[in-house]
Amino acid sequence: MKCSVVYHSESGNTKAMAEIVADGMRQVEGAEVRVFSIDAVEADWLRESVCLVAGSPTYYASISGEMKLFLETLGKYGVAGKLGGAFATANYIHGGAELAMQTILDHMLVYGMLAYSGGGSQGKPVIHLGPQAVAGRLEETEETFRLYGQRMAAKAAELFG
């Protein structure tokens, strides 16, 4: 079962958290996971993936312009009917990461993806839209990002495995 984690990162924070999400996904039996910067996506792998998790830094309470351009091309990857999720990083608490994740999920829904996070159904920690991390404090949320990756891959296995 192929899964993709796609991110945009300028400072390295979002890249670091993408790797942690992927690490969590790899803990699910049968999950083959690759992590891509939006500048280096392997189109064939993404097309074959049953799960896509996208991550962006938060700029002005939204996603980066680069991530928006990537999301506007999702259709060419045949993502309809596949599982989608989001995560975000921000420079400070209440910097708009939830709005950034909602924007990612909105784009996924427009392309016919099945948005998922586990929400409260998976117990604590509750992850509603997706996990978020704050610069300078990334380590505080590493376990939540890892758990989120596990939950996403487990749901993908349940749906497509």
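1. Helices H4 (97-110) and H5 (142-160) each supply at least two residues of the lining of the largest pocket. Helices here are DSSP runs of H or I with at least four residues, strands are E runs of at least two, and both are numbered from the N terminus. This is a predicted model: local features need pLDDT of at least 70, side-chain atom pairs count only at pLDDT 80 or more, and totals for chains, interfaces and linings use all residues. Residues are numbered from 1 along each chain as its sequence is written, and side-chain values use heavy atoms, without hydrogens and water.

2. Of the 13 lining residues, Val126, Gly130, Pro131, Gln132 and Thr144 lie nearest the centre of the largest pocket.

3. Buried residues (under 20% relative accessible area, 1.4 Å probe, protein chains only) of H1 include Met17, Ile20, Val21 and Met25. The buried residues of H1 pack against strands E1, E2, E3, E4 and E6 and helix H5.

4. Val53 is in contact (heavy atoms within 4.5 Å) with Val5, Val21, Met25, Phe87 and Met152, among others, leaving aside neighbours within four places in sequence.

How values were computed. Buried means under 20% relative accessible area, exposed over 50%, partly exposed in between (1.4 Å probe, protein chains only). On a 1 Å grid over the protein atoms alone, a cavity is a set of points where a 1.4 Å probe fits but cannot get out, and a pocket is an open set with protein on both sides within 12 Å along at least five of seven lines; lining residues have an atom within 4 Å of a point.
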